[in-house]
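Subject: Structure handover

Hello,

Please find the structure below. My notes on it follow.

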Amino acid sequence: MKEVIEVVNRLNELGSNASLSSLDKTEIENLYTLVLNKKFVRTSCSNCYHDAVIEMIVYLKKNKKMKEKSEYGLKNGALLQMEFGSSEFYTNENLTDEIAEKYLSKYPGNIGLFAKKPDDWEDRIANRGKAYDSQLLESVRLALVDGVSADSILEEFASYKINGRKVTKKLLNEYIKEASSIIETEEKDMTSDNNIDETGEKVKVEE
């Protein structure tokens, strides 16, 4: 949040300059990419830089954060509609990885609408919504119990395959999250069991 406030303050300073130097313009172009995750396109309009400053300020004040970077990008003019007749449309302005993969899981044949996509996009949508591989999940759980770090797990299981396909880093992170949740539940159950006496009554823990 602090970074957002600092950027907004700097944008206000730049916007108040009636005449922008070449350095100011370069800074605005860089901030445009940082804030909105898209390249600034200079137009013939003399106010295009000031307009860009206003666009960024409005976005930051409304969303309180920079636009999330997506590994997917649509071609110019492309528009995604998740369901026929739906009023929800997606462009590069509101596209996220989750939305892109949800769309491609339904319409993989429309991959041509994307100008940018990760190399493993097919693996991602193939694994989307599927049940966890029990062997991998248990292996990750045991590794976490043994104190292995998440980074080490990502490296150790990078070559693991499910249905003949190597797991992605994103999918492994989901396994780590699920395994962590299982461990947390097990620890809570164990604590609960320790508070029950031989008669089956719950023991009152003194504060």
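A residue is called buried under 20% relative accessible area, exposed over 50%, and partly exposed in between, with a 1.4 Å probe and protein chains only. By that scale Lys 64 is partly exposed, because its relative accessible area is 48%.

Please note that this is a predicted model, in which local features need pLDDT of at least 70 and side-chain atom pairs count only at pLDDT 80 or more, while totals for chains, interfaces and linings use all residues. Residues are numbered from 1 along each chain as its sequence is written, and side-chain values use heavy atoms, with hydrogens and water left out.

Overall

The chain has eight helices and six strands, in the order α-α-α-β-β-β-α-β-α-α-α-β-β-α along the sequence. Helices (H or I, at least four residues) and strands (E, at least two) are DSSP runs, numbered from the N terminus. Of the 207 residues in the chain, 31% are buried. Contact means heavy atoms within 4.5 Å. Among contacts with a separation of 6 or more, 54% join residues 24 or more positions apart.

Core

A nonpolar core is a set of buried Ala, Val, Leu, Ile, Met, Phe, Trp, Tyr and Cys residues joined through side-chain atoms within 4.5 Å. The largest one here has 20 residues, and Val 7, Leu 11, Ile 28, Val 35, Met 56 and Leu 60 have the most contacts inside it. At least two of its residues come from each of helix H1 (2–15), helix H2 (22–36) and helix H3 (48–63). H3 gives the most, with seven residues. Leaving aside neighbours within four places in sequence, Leu 60 is in contact with Val 4, Val 7, Val 8, Leu 11, Val 35, Lys 65 and Met 66.

H3 has 16 residues, and its first and last C-alpha atoms are 22 Å apart, close to the 22 Å expected at 1.5 Å a residue; the expected span is 1.5 Å times one less than the number of residues. Its buried residues include Cys 48, Tyr 49, Ala 52, Val 53, Met 56, Ile 57 and Leu 60. Lys 64 follows H3 and lies in the loop between H3 and S1. Its phi is near 65°, a positive value in a residue other than glycine.

Lys 67 is in the loop between H3 and strand S1 (73–74). Is Lys 67 buried or exposed? Lys 67 counts as buried, because its relative accessibility is 8%. Its side chain reaches the backbone oxygen of Asn 92 at 3.1 Å. Beyond its neighbours within four places in sequence, Lys 67 is in contact with Val 35, Leu 36, Asn 37, Tyr 59, Asn 92, Glu 93, Asn 94 and Leu 95.

H6

The twelve residues of helix H6 (residues 134–145) should span 16 Å at 1.5 Å a residue, and the end C-alpha atoms are 16 Å apart, which agrees. Leu 136, Leu 137, Val 140, Arg 141 and Ala 143 are buried in H6. Seen down the axis, the buried residues of H6 fall within an arc of 160°, so they line one face of the helix; the arc is that of the directions from the helix axis to the C-beta atoms. The face turned away from the buried side of H6 carries the exposed residues Ser 134 and Gln 135. Just after H6, Gly 147 has a positive phi of about 90°.

Regards

Technical notes: A polar contact is a pair of N or O atoms within 3.5 Å; within protein, one must be able to donate a hydrogen and the other to accept it, and residues adjacent in sequence count only if both atoms are side-chain atoms.
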